[in-house]
Structure formats: structure tokens, C-alpha cells
Amino acid sequence: MNLRAPSIRHDDCDELAALCKAGGDPLRLNVLRALANDSFGVLELAQIFGIGQSGMSHHLKVLAQADLVATRREGNAIFYRRALPHPELLGGKLHAALLEEVDNLALPDDVQARIAQVHGQREAASQDFFARVAEKFRAQQDLIAGLPQYRDSVLALLDKLNFNGAATAIEVGPGDGAFLPELARRFGTVTALDNSPAMLELARQVCEREQLANVSLQLADALNGISLQADCVVLNMVLHHFAAPAEALKHMAGLLQPGGSLLVTELCSHNQSWAREACGDLWLGFEQDDLARWATAAGLVPGDSLYVGLRNGFQIQVRHFLRPAGDTHHR
């Protein structure tokens with residue numbers, strides 16, 4: 001007699017149960033809230049929530065099994081971010097509703113303070129790098145993507161926007177100042193913002209040598225206390241040095257006049273972990289969809305994009321984002 005074992009059918013209820021289980025813990029809900037505009041490694045999350053690494057790993061595993069978080073490898077480290085809901089799939093509407101409710105929660109004050117600590121540690125590592133390598137900056141940048149490799153692409157997007165001669169521009173993180181002459185030729189006034197005195201000194205030397213009378217240099221943190229606004233904000237190979245890039249884009253949007261344009265040049269996502277040590281990169285590039293999503297969340301409208309492939313295997317994305325002309329309440 002041929003007895004066949006009964007087939008085991010995966011029940012759709014299992015997926016919904018995993019989603020409900022993952023959302024049924026206050027700590028996991030707070031982790032999802034913390035990941036709203038950032039991604040963190042397991043050690044950072046353990047620090048933020050004041051629990052051991054093994055405990056945090058368990059919670060992240062539960063969230064990952066329910067497809068509430070996704071992972072991304074940054075060199076040897078793994079960073080967790082929120083997974084995007086897909087309303088057309090089983091559990092997708094519940095996933096979207098859960099995140100909507102989570103975003104209305106306020107994180108405890110001590111958790112917010114520890115998130116600020118983690119951001120501070122990232123920023124300190126970045127600033128320390130630029131203090132040490134200012135003199136070698138161009139050689140270090142050229143290891144990945146120097147200005148000559150993307151200058152023409154940025155200028156192509158910039159010139160297509162047809163700014164008038166009286167328009168104003170801000171370059172955040174001008175590096176050694178090599179792009180400032182191009183901006184000075186196209187705008188009435190240009191402001192360069194950098195929080196590294198050593199890098200700003202390199203930019204000052206360019207302004208003197210090129211006699212850029214319409215460029216002003218400011219030692220300032222573009223994320224704090226800047227009341228400037230301009231018709232165009234340029235961010236060349238800078239976003240991957242910010243501790244919280246999604247939040248940084250919101251600040252960049254606030255520097256734009258209504259109807260203004262943000263130009264972002266960035267590396268596409270890559271796995272060359274040596275870039276952290278050699279070039280001070282906090283992030284190994286960005287997914288194109290992530291940049292568009294962060295910009296949209298900041299109230300900007302994605303425009304044209306150009307992509308530049310490099311001989312050393314990296315790819316550059318040059319992106320234009322527009323602040324709508326009717327947006328008068330952004331700040």
C-alpha cells in the first residue's frame with residue numbers, strides 16, 4: 001500500500017502572524033520609528049536603545065522575518081533600514097498602516113539623545129578625516145571620482161536650467177574649491193559653506209587665484225543655524241559624509257528659494273569598503289530610489305538625472321531636484 005505523506009501548505013496566515021508578532025513589541029516599534037529617516041548598524045541600535053548586541057540582533061531578526069526591515073552591506077558592516085511596504089502584496093496594507101501609526105509616535109527623550117550621540121560620533125569621524133587629509137584631498141578624491149570626471153555632467157544639468165545672471169547659488173562642502181569658478185561664472189553671487197577650516201582655506205586660495213569677487217566663504221555647518229536661501233544649491237560628493245543623509249536633504253531643501261533647484265552629485269551604491277578609510281566616506285554611495293524618496297519627503301520634485309560610469313568600477317549619479325514655486329512654507 002503506497003501511503004503518501006500529506007503535503008504541508010504554507011498558510012498565508014503565517015505571514016500575517018509574523019507581521020503582527022513583529023509589531024507586537026514596544027522596542028521593535030521604537031526601532032521602526034528610529035529608522036524612519038536613517039539606517040543604523042546593530043551596534044548603533046544597541047547603543048541607542050541601551051540593550052546588548054545579542055538582544056538587538058534578536059529583535060532585528062524578528063523584524064527582518066516580517067519584511068519590516070531590510071539590510072544593506074556597507075563594507076564589512078551591515079546597516080538596517082525600514083523596508084518599503086507593497087500594498088498590493090499580502091500584508092502590504094497592514095505594513096503601510098503600521099508605519100503610518102509608528103511615525104506618529106514620539107521617541108523617548110533618552111533615545112533621541114542617544115541617536116544624536118551616534119550622529120555626533122559619525123560626524124566626528126568625518127571631521128577628523130578632513131582635518132588630517134586636507135593637503136591630500138584631491139589625490140584622495142581622485143581614487144574614486146574627482147571633479148574632472150563629473151564636471152561636464154553637472155554643468156550640462158546646470159546650464160539646462162537657464163539661471164539668469166542675477167541668480168544666487170550655494171555650494172555646500174566645496175572641497176578644495178575647484179567647482180567655484182564654474183558657479184562664479186554662472187551666478188550673480190555664490191556662497192560656499194564648509195565646516196572644515198582646512199578645506200575652506202583651500203577654497204579661499206582658489207578664489208584668490210581666480211579672482212572670484214562674487215564668491216563668499218563661510219565656515220559654517222549647513223545643517224545648523226544657516227538662514228541663507230539661494231536659487232540653486234550644489235552638493236558635489238558631499239552627501240555620503242553626512243551622518244543622516246535623509247535629514248541632510250531636508251536641510252538642503254530649506255536653503256532653496258521657492259522654484260529653486262538642488263543639484264546632487266553622488267556615488268551610486270557600491271561595496272568598496274576601502275573608501276571609508278581612504279576618503280572618509282560614511283556611506284558607500286546611495287541607491288537611486290533612496291535619493292528620490294528622501295528628496296520627495298523633503299518636499300522636492302525629482303527632475304533630470306545623468307549617470308556617469310567610471311573606469312574604476314564606480315558609477316556617479318547627477319540628480320536635479322526642484323522646490324516647487326508655490327512652496328512658501330518650507331522653512
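The protein exposes about 16200 Å² of surface, and carbon and sulfur atoms supply 51% of that area. The model is a predicted one. Of its 331 residues, 49% count as buried. The chain forms 13 helices and 10 strands. Among contacts between residues at least 6 apart in sequence, 70% join residues at least 24 apart.

One patch on the surface is nonpolar: L16, L90 and L94 together have about 230 Å² of accessible area. L94 belongs to helix α5, residues 92–102.

Helix α11 gives another picture. The buried residues are P245, A246, A248, L249, M252, A253 and G254. Which elements cover them? The cover includes the strands β4 (168–172), β7 (230–236) and β8 (256–267), along with helix α13 (288–297).

Q317 sits in strand β10, residues 315–322. Is Q317 buried or exposed? With 0% relative accessibility, Q317 counts as buried. A polar atom of its side chain lies 3.4 Å from the backbone oxygen of L267. The side chain of Q317 also makes a polar contact of 2.6 Å with the side chain of R319. Leaving aside residues up to four places away in sequence, Q317 touches a set of residues that includes V264, T265, E266, L267 and C268. Among the others it touches are F286, E287, Q288 and L291, as well as L306 and Y307.

A pair of aromatic rings is described by the distance of the centres and the angle of the planes. The count for this protein comes to 2 aromatic pairs, listed here.

| Pair | Arrangement | Centre to centre | Angle between planes |
|---|---|---|---|
| F163 and F187 | tilted | 5.1 Å | 50° |
| F286 and W294 | edge-to-face | 5.6 Å | 80° |

The pair of F163 and F187 links distant parts of the chain, as the two residues are 24 residues apart. F163 lies in the loop between α8 (151–160) and β4, while F187 lies in the loop between α9 (180–186) and β5 (189–194). At 24% relative accessibility, F163 counts as partly exposed. F187, at 3%, counts as buried. In the pair of F286 and W294, both residues are buried. F286 is also one of the residues that Q317 touches.

Technical notes:
Residues numbered from 1 in each chain as written. Heavy atoms only, no water. Buried < 20%, exposed > 50% of the residue type's maximum accessible area, 1.4 Å probe, protein only. Helix = DSSP H or I, 4+ residues; strand = E, 2+ residues; numbered from the N terminus. Contact = heavy atoms within 4.5 Å. Patch = residues over 30% accessible without salt bridge, like charges linked within 9 Å, V, L, I, M, F, W, Y side chains within 5 Å. Areas by Shrake-Rupley, 256 points an atom, 1.4 Å probe, with all protein chains shown as cover. Salt bridge = Lys/Arg side-chain N within 4 Å of Asp/Glu carboxyl O. Polar contact = N/O pair within 3.5 Å; in protein donor to acceptor, adjacent residues only side chain to side chain. Phe/Tyr/Trp six-rings, centres within 6.5 Å; stacked < 30°, edge-to-face > 60°.
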